[in-house]
Amino acid sequence: MSTQIFSLQGKTAVVTGGGSGIGKAVALLFGQQGAFVHVLDLNEDNAAATAKEIGEAGGKAAAHVVNVSQQQDVVAVFEKIATPHILVNSAGVSHIGKLDTTPEADFDRIYQVNVKGVYNCLYAAVPLMKKNGGGAILNMSSIAAVVGIPDRFAYSMSKGAVYAMTLSLAKDYIKDGIRCNSISPARVHTPFVDGFLAKNYPGQEAEMFEKLSATQPIGRMAKPEEIANLILYLCSDEASFITGCDYPIDGGFIKLNN
Ligand SMILES: NC(=O)c1ccc[n+]([C@@H]2O[C@H](COP(=O)([O-])OP(=O)(O)OC[C@H]3O[C@@H](n4cnc5c(N)ncnc54)[C@H](O)[C@@H]3O)[C@@H](O)[C@H]2O)c1
């Protein structure tokens, strides 16, 4: 019998967006803690690389290429997995723009991945969790859900929806033994941040990186591993009394920026 705190021995975990950034850090940590980790990602090479790294460290993992915005494909993958005890919805995309610089196509793209993608994974996982006697779900919201961040109109919309879905799901399935929480990181240094700096601020990447780092009162961005540690706690049996909550993990962004 394992007495290791935050052990995930015997658990099956699904991590969307597990090919990169926060999802990757979560997948690696979950593998280290003994879970069988299913890495879901649009990017085949990255999903496979995460699963390989888990295997090389002595863990168990499988990679699945799936677009979370396609419900039939998502349901098919979860049916194969069959007994998801833990679901981490980390797949997400970013967008820079105010209302009048957010064309319909961009709004729809953000909605399809960040909102519908989360809905699809919940839709696929919850019936299986109910059948298996419960589960733990962690959704990736953002400080943008509760603070007005400049130029994040569509992204903020999507993260507000993630927060609201978290509360609704936690309420409806509490009697089924399903816990559902979200976390709201401030900036985390991942390819997500590097990608949007390169796309939106070409030639000014270093300057914008420093500017974004300084918006956290702690003076830097988070590392993906720091986010993964909180997610491990919330998905472990040690957090068995926690449901329907959102946890800022933000270097003081929400409460200390005054
Ligand atoms: N990095 C930050 O500063 C930050 C802050 C707050 C919240 N978040 C949220 O955390 C989550 C992870 O962000 P990250 O920084 O690790 O990003 P990332 O870009 O490093 O990783 C996101 C992963 O999601 C995958 N993905 C994208 N669209 C997909 C789709 N349709 N189907 C399946 N997979 C898809 C990508 O291939 C990638 O592997 C996102 O939901 C993001 O909104 C990030």
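Where in the chain is Asn67 placed? In this predicted model, Asn67 sits in a loop, with strand E3 (60–65) on one side and helix H3 (71–81) on the other. The residue is partly exposed, because 15 other C-beta atoms lie within 10 Å, a count that falls between the limit of 12 or fewer for exposed residues and that of 20 or more for buried ones. Once neighbours within four places in sequence are left aside, Asn67 is in contact with Leu42 and Asp73.

An unreviewed UniProt entry carries the annotation "domain: Ketoreductase" for residues 11–177. In the model, this span is 51% helix and 16% strand, and its end C-alpha atoms lie 15 Å apart.

The surroundings of the ligand complete the picture. A shell of 29 residues surrounds the ligand, and the closest of them are Gly17, Ser20, Gly21, Gly92 and Phe192. Helix H1 (21–32), helix H4 (104–132) and helix H6 (191–200) are the elements that give two or more residues to this shell. Sorted by class, the shell has 15 polar residues, twelve nonpolar residues and two charged residues. As for the domains, residues of the shell come both from domain 1 (12–186 + 225–249) and from domain 2 (187–221), so the ligand lies between the two domains.

Key: Residues are numbered from 1 along each chain as its sequence is written. This is a predicted model: local features need pLDDT of at least 70, side-chain atom pairs count only at pLDDT 80 or more; totals for chains, interfaces and linings use all residues. Helices (H or I, at least four residues) and strands (E, at least two) are DSSP runs, numbered from the N terminus. Two residues are in contact if their C-beta atoms, placed from the backbone, lie within 7 Å. UniProt positions are given in the numbering used here, feature names are shortened, and annotations may be inferred rather than shown by experiment. A residue is near a molecule or strand if its C-beta atom, placed from the backbone, lies within 6 Å of it. Ala, Val, Leu, Ile, Met, Phe, Trp, Tyr, Cys and Pro count as nonpolar, Asp, Glu, Lys and Arg as charged, and the others, Gly among them, as polar. Domain bounds come from an automatic or database domain assignment.
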